[in-house]
Amino acid sequence: MMTTNRPVALVTGASSGIGRETALGLVAAGFDVVGTSRDTSRVTLLDGVTFVDLDVASDTSVTDAVRQVVEKFGRIDVLVNNAGIGSIGAAEETSVAQAQGVFETNVFGVMRMVKEVLPHMRAQGRGRIINLSSVQGFIPAPYMAVYGASKHAIEGYTQSLDHEVREHGVRSLLVEPAYTRTGFEANSGKPDTPLQAYARQRSTFDRLMADAIKDGDDPAVVAEAIVEAVTDTKPKVRYAAGPMAGRARMLRFAPARVFDKQIRKLAGLTG
Ligand code: NDP
């Protein structure tokens, strides 16, 4: 076992996008960082980041990865549950099997990681868990209903968990990005049972989504919010990542009719 005076952070899905920037941000903030990928042989290595293989959809992979971190560093102070996948298409066009696949990563993947890491954090009497939600974790996500449902689940889980673990010195917090310039859209699942009834509206949404990601925040903006959540001396339950996410949060306080209209406009829906 290596002994380190620095705190240890584990970032899932650090091979690209937000996870990669977060790993770099945590190195700069003084952490020993372990990043993960399902295939570390294909990862471009980062200075100060140790990579381990991890598929959050697999029980054995999660157990192995956490064991490796504890064997190498002796502890885990921070867990950033960043690994996630998108799913685009109307709710009716997505099979239950496909939706289960999304939940295996975005929801049960987070639960697997939490259950494996928490015993170590409780034993230390301290720790911080940061779960990546999305603005679609608190507003409707037409044409991304399954993804939105997975992030709504993360919002509920994270907040409930936070109340349970606080007395053990652990906090469980949310970071909520808006559209961010990563490979997220390209890596998102497409509907496995497409229906003509939704084809026109879905292609409008596809275009809006591609433009929104292209014009979206730099992943470094989200990484900054994650580092803030990790290091805040007075942690908040949720951190909006960037101005767009801040505006989306304010939308929740709009009158119901204004809110409804705005959601339809954002998704390019008519009528
Ligand atoms: P990317 O597609 O660039 O990154 C996703 C990361 O997740 C990859 O590093 C990938 O690693 C990892 N991953 C995917 N599936 C698994 C799995 N089963 N087990 C372990 N790792 C996995 O997207 P982003 O960086 O944009 O996404 C990061 C997070 O931010 C996600 O949770 C996403 O929902 C959230 N988010 C993104 C937004 C955006 O607009 N980009 C907006 C709001 C939230 P590898 O393939 O190497 O295993």
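How many nonpolar, polar and charged residues are in the lining of the second largest pocket? Keep that question in mind while you open the model, which is a predicted one, and begin by selecting Pro7, Phe31, Asp77, Val78, Arg126, Gly127, Arg128, Gly169 and Val230, the residues that line this pocket. Sorted by class, the lining has four nonpolar, two polar and three charged residues, and the space that lies in the pocket is about 160 Å³.

Next, select Leu10, Ile76, Leu79, Met113, Leu118, Met121 and Ile129, which touch the most other members of the largest nonpolar core, a set of 27 residues. To see where this core draws its residues from, colour β1 (8–11), α2 (59–73), α4 (108–124), α5 (145–165) and β6 (170–177), the elements that each give two or more residues to the core.

Finally, move to Gly84, which is found in the loop between β4 (78–81) and α3 (96–106). Gly84 has a relative accessible area of 36%, and is therefore partly exposed, since that value falls between the limits of 20% and 50%. Apart from residues up to four places away in sequence, Gly84 touches Thr105 and Asn106. If you then select Pro140, 56 residues apart from Gly84 along the chain, you will find the C-alpha atoms of the two separated by 18 Å.

Notes:
Residues numbered from 1 in each chain as written. Predicted model: local features only at pLDDT ≥ 70, side-chain atom pairs only at ≥ 80, totals over all residues. Heavy atoms only, no water. Helix = DSSP H or I, 4+ residues; strand = E, 2+ residues; numbered from the N terminus. Buried < 20%, exposed > 50% of the residue type's maximum accessible area, 1.4 Å probe, protein only. Contact = heavy atoms within 4.5 Å. 1 Å grid on protein atoms, 1.4 Å probe; cavity = no way out; pocket = protein on both sides within 12 Å on 5 of 7 lines; lining within 4 Å. Points joined across faces, edges and corners; volume = space filled by probe spheres on them. Nonpolar A, V, L, I, M, F, W, Y, C, P; charged D, E, K, R; others polar. Core = buried A, V, L, I, M, F, W, Y, C linked by side-chain atoms within 4.5 Å.
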